[in-house]
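This report describes selected features of a single chain. The sequence and the model are shown first, and the description follows.

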Amino acid sequence: MQTLLIPILLQIIIILAISRLFAALFKKIGQPRVVGEMLAGLFLGKSIFGLFFPESYNYIFPPESFKYLHILSQIGLIIFMFTIGLEVDLGLIRNKAKQAIAVSHVGIIVPFILGVLAAYLFYDDFRTPQSDFVSFALFVGIVMSITAFPVLIRILQEYNMTKTALGTMAITCAAVDDITIWLVLAVFIGVSKNSNILHILMIATFLLGIAFSRTEFFKTKFIEKIGSVSSKIFLPLFFTFSGLRTDISSVQSATLWSICIIIILFAVFGKLLGVAIMAKLTGSNWKDAFALGALMNARGLMSLIVLNIGYDVQILSKEIFTILIIMSFVTTMMAGPLLKITLKRVLS
């Protein structure tokens, strides 16, 4: 452990510095800071830094240090999941329950079905010795269906839309979406033979945070004192750990890139159009309906969490893990620009 102390400290310093740099750069081009932090993690992995500077990469990120980085990232993730639970406003959900439940569940069911279809089409290409079709299809479907609740909130904050009717509906739908998805995932993790205590704790602390969400004093103090530290220090470690696992060079052939494009199209059409059409049918105008679909289409951090669990329990191969990471980045980066284009009169 002593021999790894310097590399681990060096890792933390570099990760935090690069994450803040990317966050600042992406904010300047109209993307949420968290998108920059996610891409900083990808930049520091094998896909870019490890590809062009292999000797420096191996010095800074020796394989034997990965388990310590993994532990640190998981601790921070558990704290973050609790914080996200605290931010769920159950009162808001009750006030807009009818439309939110209809919209969010269509936003789950349609992309989930398309995810299962993608799993059926490509299972033989990406199966692992530990995976069966049901488990594989479940993870692909969940990643297709999930919405990045924290990213959605950050986008709305940056556009000063959290208190608008559209912003309130988006937050409510995302909360209903993620609660449903995490309950489904909790059942699977509970019965999976490859799951571990960290996965169970992660799911439990989303749910536990919701239970404490009405305790206003505790909620405010926790988010202010501990949640902010987690988001500034531990989350970049998680993004980088995900980046270390992601190797875009593993998607080399035209066939794999074709599969990647098909999955992105399935994800966008299922989530964005599914949500937009249902929002229109339940009373929204087309402009607000499309904007809501664009927001719900962001998968970001939450999909990375699910993907890392799927990779840990050896259901997702490196290739499909990387393809779904790419899909998550693309759909997350689409959200802000699509929102701005759709609501240009409001945001300009």
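Is R127 buried, partly exposed or exposed? R127 is partly exposed, with a relative accessible area of 47%; buried means under 20% relative accessible area, exposed over 50% and partly exposed in between, with a 1.4 Å probe and protein chains only.

## Basis of the model

The model is predicted: local features need pLDDT of at least 70, side-chain atom pairs count only at pLDDT 80 or more, and totals for chains, interfaces and linings use all residues. Residues are numbered from 1 along each chain as its sequence is written, and side-chain values use heavy atoms, with hydrogens and water left out.

## Overall organisation

The secondary structure of the chain comprises 17 helices and 0 strands. Helices (H or I, at least four residues) and strands (E, at least two) are DSSP runs, numbered from the N terminus. Of the 348 residues of the chain, 56% count as buried.

Among contacts in the chain with a separation of 6 or more, 82% come from residues 24 or more positions apart. Contact here means heavy atoms within 4.5 Å.

## Salt bridges

The whole structure contains 2 salt bridges, each defined as a side-chain nitrogen of Lys or Arg within 4 Å of a carboxyl oxygen of Asp or Glu. In one of them, the side chains of D124 and R127 meet at 3.6 Å, N to O. D124 is exposed, at a relative accessible area of 60%.

D177 forms a salt bridge with K271, and their closest N and O atoms are 2.5 Å apart. D177 belongs to helix α10 (residues 165-191) and K271 to helix α13 (residues 254-281), so the pair ties together parts that are 94 residues apart in sequence. D177 counts as buried at 0% relative accessibility, and K271 likewise counts as buried at 0%.

## Helices α14 and α16

Helix α14 spans residues 286-296 and helix α16 residues 318-342; their axes come within 8 Å and cross at roughly 170°. Axes are lines fitted to C-alpha atoms, for helices over the stretch in contact, and angles run from 0 to 180 degrees between N-to-C directions. The two helices are therefore roughly antiparallel to each other, a term for angles over 145 degrees. In this contact, K287, F290, A291, A294 and L295 of α14 meet A335, L338, L339 and T342 of α16. By class, the contact has 7 nonpolar, 1 polar and 1 charged residues; Ala, Val, Leu, Ile, Met, Phe, Trp, Tyr, Cys and Pro count as nonpolar, Asp, Glu, Lys and Arg as charged, and the others, Gly among them, as polar.

The buried residues of α14 are A289, A291, L292, G293, A294, L295 and M296.

T322 lies in helix α16 and is buried, with a relative accessible area of 0%. A polar atom of the T322 side chain lies 2.9 Å from the backbone oxygen of K318. Leaving aside neighbours within four places in sequence, T322 is in contact with T246, D247, I248, S250 and V251.

Q314 is found in the loop between α15 (300-312) and α16. Q314 is not a glycine, although its phi is positive, at about 65°. Q314 is partly exposed, with a relative accessible area of 39%.

Notes:
Angles under 35 degrees count as roughly parallel, over 145 as roughly antiparallel, 65 to 115 as roughly perpendicular and the rest as oblique. A polar contact is a pair of N or O atoms within 3.5 Å; within protein, one must be able to donate a hydrogen and the other to accept it, and residues adjacent in sequence count only if both atoms are side-chain atoms.
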